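Here is a short briefing on one protein model. Look at the picture first, then work through the points by topic.

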Amino acid sequence: MALTPSNMMPLGTSAPDFCLPDTVSGKEVWLSDVRGEIATVVMFICNHCPFVKHIQDELVRLGQEYPSQGVSLIAVSSNDAVEYPEDSPENMKALAKSLGYTFPYLYDETQQVARLYDAACTPDFYIFDQALQCVYRGQLDGSRPGNDIPVTGADLRGALDALLAGQEIDPDQTPSVGCNIKWKE
């Protein structure tokens, strides 16, 4: 497991559009179909990464709390499922159902969406405003497996809450860190 930080997309970048299959519904999902009225969170996650497993319960909570406030959450897995079968679409669907993900869990088989977002690790988080401009990119919070900091989602929640309140989001943002995306050869 290579400890990898976010590449930190420049703030103000327009969200790259995409169309990917949702592993749960089986439907093709366009970003424009699932964007939020006020904010859209795009997160690169996967099934096998210990950094993602560490925060899964918080992802469920975010998916329960924010959609009613005009925030859409979208999860994307771009890992090579041939080399990492735990990250296959079938296993993604099973995990999403068992955890109760209320957001689409999309499979980026070609890895093109990860490249468009310059995603580097799992988990990797991006918040886009109503105009789909990047206002936050970085970590969920300071918790990591084994560091004894509780998983609260403080950094992501702080940015979302500021956006929802019409306040400035602090541009001093901490990169996420986790397993590198498992690129195909």
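How far is the sulfur of C121 from the closest cysteine sulfur, and in which residue does that sulfur lie? The gap is 8.2 Å, and the partner is C49, so the two are too far apart for a bond. This is a predicted model: local features need pLDDT of at least 70, side-chain atom pairs count only at pLDDT 80 or more, and totals for chains, interfaces and linings use all residues. Residues are numbered from 1 along each chain as its sequence is written, and side-chain values use heavy atoms, with hydrogens and water left out.

**Cysteines**
- A disulfide is a covalent bond between the sulfur atoms of two cysteines.
- Here a disulfide is counted when a pair of cysteine sulfur atoms lies within 2.5 Å.
- By this rule the count is zero.
- C121 is buried, because its relative accessibility is 0%.
- C19 has 28% relative accessibility, so C19 counts as partly exposed.
- The cut-offs are these: buried means under 20% relative accessible area, exposed means over 50%, and partly exposed is in between (1.4 Å probe, protein chains only).

**Nonpolar cores**
- In soluble globular proteins, nonpolar side chains tend to be buried together.
- A nonpolar core is a set of buried Ala, Val, Leu, Ile, Met, Phe, Trp, Tyr and Cys residues joined through side-chain atoms within 4.5 Å.
- The largest such core has 35 residues, and L59, I127 and L156 have the most contacts inside it.
- Elements giving two or more residues to this core include β4 (39-44), α2 (50-65), β5 (71-77) and α5 (154-164).
- Helices (H or I, at least four residues) and strands (E, at least two) are DSSP runs, numbered from the N terminus.
- Which element gives the most to this core? It is α2, with six residues.
- Contact means heavy atoms within 4.5 Å.
- Leaving aside neighbours within four places in sequence, L59 touches M43, I45, Y101, F103 and F125.
- Another core, of 21 residues, lies apart from the largest one; A15, F18, V113 and Y126 are among its members.

**The five-stranded sheet**
- Five strands form an open sheet in the order β6-β5-β4-β8-β9, with mixed pairing.
- Two strands pair if DSSP finds at least two bridges between them.
- β6 and β9 are the edge strands, and each pairs on one side only.
- From one strand to the next, the twist averages 20 degrees.
- β4 and β5 are parallel partners over six bridges.
- V42 stands opposite I74 in β5.
- α3 lies across β5 and β6, at about 175 degrees to β6.
- For such angles, axes are lines fitted to C-alpha atoms, for helices over the stretch in contact, and angles run from 0 to 180 degrees between N-to-C directions.

**The three-stranded sheet**
- β1 and β10 (residues 177-180) pair over three bridges.
- L3 has C179 in β10 as its bridge partner.

**Q139**
- Q139 sits in the loop between β9 and α5.
- Is Q139 buried or exposed? Q139 counts as buried, because its relative accessibility is 7%.
- The side chains of Q139 and R144 are joined by a polar contact of 2.6 Å.
- A polar contact is a pair of N or O atoms within 3.5 Å; within protein, one must be able to donate a hydrogen and the other to accept it, and residues adjacent in sequence count only if both atoms are side-chain atoms.
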